[in-house]
Amino acid sequence: MAISTKLEMRQSQSLIMTPQLMQAIKLLQLSNLDLVAYVDAELERNPLLEKSDSDTQGAGSETDAIPDAFETDASQAGSSRDEPQSGDWMESQLETGSEAIASRLDTDLGNVFPDEPGVPASPDPAALKGGDSYKNTSSGGSSEDYNLEAFVAEEESLVHSLDEQMNLAISDPADKLIAGHLINSLDENGYLFLDLEETAEQLGIGLEKIEAVLAVLQTFEPAGVFARSLAECLKLQLIERNRFDPAMEALIDNIELLARHDFPALRKVCGVDDEDLTEMISEIRALDPKPGSVFGGGLVQPMVPDVLVRRSPDGTWLVELNTDTLPKVLVNQTYYAKVSKNARNETEKEYLTDCLQTANWLAKSLDQRAKTILKVSTEIVRQQDGFLTYGIEHLRPLNLKTIADAIGMHESTVSRVTSNKYMATPRGIYELKYFFSSAISATVDGDSHSAESVRHKIRQMIDAEDPKAILSDDTIVKNLKDDGVDIARRTVAKYREAMKIPSSVQRRREKRSMR
């Protein structure tokens, strides 16, 4: 077969991932916090982008009119001060200036207030009408804004509390240096996960010295700090309560038996009867396994929903976007027109054109993102109307394909929309992915059940079980089948373990100990 070259013409269709398309896909799956950070970075990078606040009138030409507006307002304010209008109670009833008040009192203001070095003049009525707020004025004449945050007490941290106790309990400078190093090595729960031998080598001191300082630090409040394990943390708290006897020591040394609720083995190890063991377990439960957490950590940011759902007067559900989470940007076309005229070379013109194109694409991508989220959320509300009206037991099984087919989008688009997005409903705030769950078939002909509603039924059964008749997985399967749910035993066990519910044997031991 001869090898030859030839020309062919072919026509085909393919999807090319342009930078603009990649940007739109990236924005679609960002959370509201990540989106704000991304837009802020673009605002710093692109000179043609402007942030649109609630009081912004517009962009471009209106931005240029700001100086003229200021001059007009200033001239109007000046004329109003020169020619007070009739009926203005500020000018007719208030005396302005210290000379007028001094003439009426027939004395100098310094004689009226001898302790004050000077009396500030009364505020200008015209300034008050203009909306100027009062400011604190000191006797020296300086003024500053009234800051309420200056009176808020600073939250005490664990490190600060331990530093104060260390300065009172330890006087030797070398011991203070060691103690400071150990304090700064604590985690947020007050545990010391540090290799003492390695630390001694780093500080160039003996291991006995560090252990002696650590023994002092372990007596600090809150009790249990500087522990290197859970058992040691509980031990320190029991020592502080004077309850660390030999039986309790045996219980702490075999804490894993308590976690498994193996009470017969614990009675044998501790050498106590059922009554004493129950009392000891109650004391253990009263201890704090995380003593450092009482000081708290960083500020907890509340979950801000992206979509708001509420019931309308006619009984339907209203779905709207939370505009507070949507960053608004404007493209300053006027500024682009001015700057592009003064471009000196092709490089500058190309840069400005690229900035304009990027700004337009960002504005369009943000608008398209908002419309897509609203469209997907509206369909989710329509599909899960039973959940919003009656509760979790009426949550329907739902998958991405059902939503995608209903709104005419691809499943991957719906998946990106539901990532890191939250919906505020009358029943609480839920992630959009919460409304998607697999289907479990019914025992008879009828609608299938969602996995989430089945998990809720399992939890309800276990919470309401009689301590004398603990429900096994087989019993739960039988009860669910009586309710019309066709489910296997291994599925019940999987759901129970996912909800961190112990087995029937462990629950029986635990509830017997609580009686």
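Colleague: In what kind of pairing do the side chains of Asp 405 and Lys 401 meet?

Modeller: Side chains of opposite charge can pair when their charged atoms come close. Here, Asp 405 and Lys 401 join in a salt bridge, at 2.8 Å from N to O (a salt bridge is a side-chain nitrogen of Lys or Arg within 4 Å of a carboxyl oxygen of Asp or Glu). Please keep in mind that this is a predicted model, in which local features need pLDDT of at least 70 and side-chain atom pairs count only at pLDDT 80 or more, while totals for chains, interfaces and linings use all residues. Residues are numbered from 1 along each chain as its sequence is written, and side-chain values use heavy atoms, with hydrogens and water left out.

Colleague: Where do Asp 405 and Lys 401 lie?

Modeller: Both belong to helix α21, residues 400–407, and they are four residues apart, about one turn of the helix. Helices are DSSP runs of H or I with at least four residues, strands are runs of E with at least two, and both are numbered from the N terminus. Asp 405 is exposed, at 51% relative accessible area, and Lys 401 is partly exposed, at 45%. The cut-offs are under 20% for buried, over 50% for exposed and in between for partly exposed, using a 1.4 Å probe and protein chains only.

Colleague: How many salt bridges does the structure hold?

Modeller: It holds 19. Among them is the one between Asp 482 and Lys 478, whose closest N and O atoms are 3.5 Å apart. These two are separated by about one helical turn because they are four residues apart in helix α24. Another links Glu 8 to Arg 10 at 3.3 Å, and Lys 6, Glu 8 and Arg 10 are linked in a network of salt bridges. Glu 8 is exposed at 52%, and so is Arg 10 at 74%.

Colleague: What span should helix α23 have?

Modeller: The expected span of a helix is 1.5 Å times one less than its number of residues. The 13 residues of α23, 451–463, should therefore span 18 Å, and the end C-alpha atoms are 18 Å apart, which agrees. The buried residues of α23 include Val 454, Ile 458 and Ile 462.

Colleague: Which residues does Pro 47 touch?

Modeller: Leaving out residues up to four places away in sequence, Pro 47 touches Tyr 335, Tyr 351 and Cys 355. Pro 47 sits in the loop between α2 (32–45) and β1 (49–51). The C-alpha atoms of Pro 47 and Leu 356 are 9.1 Å apart in space, although 309 residues separate them in sequence.

Colleague: And cysteines: how many disulfides does a search of the whole structure find?

Modeller: A disulfide is a covalent bond between the sulfur atoms of two cysteines. The search finds zero, with a disulfide taken as a pair of cysteine sulfur atoms within 2.5 Å. Cys 233 is buried at 0% relative accessible area, and Cys 270 is buried at 10%.

Colleague: To step back, how many helices and strands does the protein have?

Modeller: It has 26 helices and 10 strands. Of its 515 residues, 33% count as buried.

Note on methods: Contact = heavy atoms within 4.5 Å.
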